[in-house]
Amino acid sequence: MKRLLLPFMILSLFSLVALANSKDELKPFTSDGCSSFPDGTLKQKQLWLSCCVAHDKAYWMGGTYEERLQADKALKVCVEQVGEKTIAKLMLAGVRVGGSPYWPTDFRWGYGWDYTRGYQKLTQKELEKAKKLLADYDSSEREKSK
């Protein structure tokens with residue numbers, strides 16, 4: 001039991017320090033594609049990349065546990081629709097384990113916010129800010145592709 005207590009205490013302390021320094025302001029959207037997973041196959045290198053970027057948008061914004069579950073299921077469906085059912089299952093398992101808002105990673109649920117926001121419903125004002133930041137990102141991506 002003591003072995004479990006120390007890691008929990010360290011994580012709790014890390015969380016408290018991060019919360020004390022938190023500005024709770026949504027940062028501009030960024031995506032690293034499929035994070036620590038390939039963006040596609042060897043022949044089609046970006047086959048499911050658009051699925052991952054859509055998933056990143058939900059993860060960046062964060063929200064409730066149910067919203068995370070919906071985002072993860074949508075990723076699975078998207079990857080299945082490009083013809084990769086086995087990959088879709090692997091990705092779903094990966095994001096369910098690795099995407100917790102309590103991991104101090106840059107791909108966690110709610111990564112657009114300072115660590116740790118956890119599972120928290122966005123206010124109307126926060127939703128409006130998120131929509132503007134996403135529109136700005138989409139606009140800059142369209143400009144880059146011209």
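**Exercise 1.** Where is S35 found? Describe its surroundings step by step.

*Solution.* Start with the numbering and the origin: residues count from 1 along each chain as its sequence is written, and side-chain values use heavy atoms, without hydrogens and water. Keep in mind that this is a predicted model, where local features need pLDDT of at least 70, side-chain atom pairs count only at pLDDT 80 or more, and totals for chains, interfaces and linings use all residues.

Step one: S35 sits in the loop between α1 (2–20) and α2; helices here are DSSP runs of H or I with at least four residues, numbered from the N terminus. Step two: look at the backbone, where S35 has a positive phi of about 50° although it is not a glycine. Step three: S35 has 30% relative accessibility, so it counts as partly exposed (between the buried limit, under 20%, and the exposed limit, over 50%, with a 1.4 Å probe and protein chains only).

**Exercise 2.** Is H55 buried or exposed? Find its helix and its contacts too.

*Solution.* First, locate H55 in helix α2 (residues 49–61). Next, read its relative accessibility: H55 counts as buried because the value is 7%. Finally, list its partners: beyond neighbours within four places in sequence, H55 is in contact (heavy atoms within 4.5 Å) with A71, D72, L75 and V95.

Methods: Helices (H or I, at least four residues) and strands (E, at least two) are DSSP runs, numbered from the N terminus.
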